[in-house]
Structure formats: C-alpha cells, structure tokens
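Below is a short report on one protein model.

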Amino acid sequence: FQVDTNFGGAPPIPKSAYSLWVVDAASGWVVVDSYELEEFEHGLTMQVMALSEFMAEPGSSNMDTPDEDLDTRMFITVGTGIVDKDGEDVSAKGRVVLLEIIKSSLTSSAVEINFVYEKKIF
C-alpha cells in the first residue's frame, strides 16, 4: 500500500461493511438479493419467520379464523451489533431490522428483500 504524506503519513484505515445475502441453493448458490448493513455493523442473529395480519381484537368472535384464510408473508429479522475499529467502549449498540421477502411474479425462484422496519438499540 501507499502512504499519503498529505494526510500525516498514517496508512489508511479500511472501513468494515457487511451485508445480508439471500442465495438460491438450487442454482449453485447464486446471490439473489442483498441488504447492506451500516459501517462497523455486524449481523449477530437472524430468524426467518412467517407473519400474518390478524385484524380481529383479542377475545372477539373473529378469533376462530382458520390459519389458511390469513394473509401470511415471509420476513427476515436480523439483530445487529456495532463494533468499530477500537472495539466496544460503552455498552453494546445495534438494531433490529425487519426485511420482507417478496417472490417475483416473473419466475418462481427469484425473490427480493424489502426493508420494512428498524429499531435502534442503545
């Protein structure tokens, strides 16, 4: 590498950036879509889950709706932590990210990730 003396002679510090990949195992592990995490953010836990919108109030007479009548959508939930180049100097920081998996109508195997919600944890 080259040292730029205009910046005081210190070598450049590479920035760490990670991403979440959705891959298609049936097609030779091809990356179908990805979601970029923030700088120094690491994915620590992940859960794929099916969630549905249930409009009835708890305890109402509409609680007997069969599961197959509910509109179920697939989501990926990622718990992250921020660890910069110096490590942690205070209690852990991170966020919980909710991403929706949407199947493409053009082909049966193509999907994309859409950002839905995030909650920062301090």
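## Contacts of L20

L20 touches D33, S34, Y35, M46, I76, V78 and L99, leaving aside residues up to four places away in sequence. Contact means heavy atoms within 4.5 Å.

The model is predicted: local features need pLDDT of at least 70, side-chain atom pairs count only at pLDDT 80 or more, and totals for chains, interfaces and linings use all residues. Residues are numbered from 1 along each chain as its sequence is written, and side-chain values use heavy atoms, with hydrogens and water left out.

## The nonpolar core

L20 also belongs to the largest nonpolar core. This core has 10 residues: L20, V22, Y35, L37, I76, V78, V97, L99, V111 and I113. Such a core is a set of buried Ala, Val, Leu, Ile, Met, Phe, Trp, Tyr and Cys residues joined through side-chain atoms within 4.5 Å. Buried means under 20% relative accessible area, exposed over 50%, and partly exposed in between (1.4 Å probe, protein chains only).

The elements giving two or more residues to the core are β1 (17-24), β2, β4 (72-82), β5 (94-103) and β6.

## The aromatic pair

The structure holds one aromatic pair. Y35 and F115 form it, stacked, at 6.1 Å centre to centre with 5° between the planes. Rings of Phe, Tyr and Trp (its six-membered ring) pair if their centres lie within 6.5 Å; planes under 30 degrees apart count as stacked, over 60 as edge-to-face and the rest as tilted.

The pair links distant parts of the chain. Y35 lies in strand β2 (residues 30-39) and F115 in strand β6 (residues 111-121), 80 residues apart. Y35 is buried, at 18% relative accessible area. F115 is partly exposed, at 43%.

## Positive phi in two loops

W29 is not a glycine, yet has a positive phi of about 60°. W29 sits in the loop between β1 and β2. With a relative accessible area of 61%, W29 is exposed.

F40, also not a glycine, has a positive phi of about 65°. F40 is in the loop between β2 and β3 (41-52). F40 is buried, with a relative accessible area of 16%.

## The whole chain

The protein has six strands and zero helices. Helices (H or I, at least four residues) and strands (E, at least two) are DSSP runs, numbered from the N terminus. Of the 122 residues, 19% are buried. Among contacts with a separation of 6 or more, 47% join residues 24 or more positions apart.
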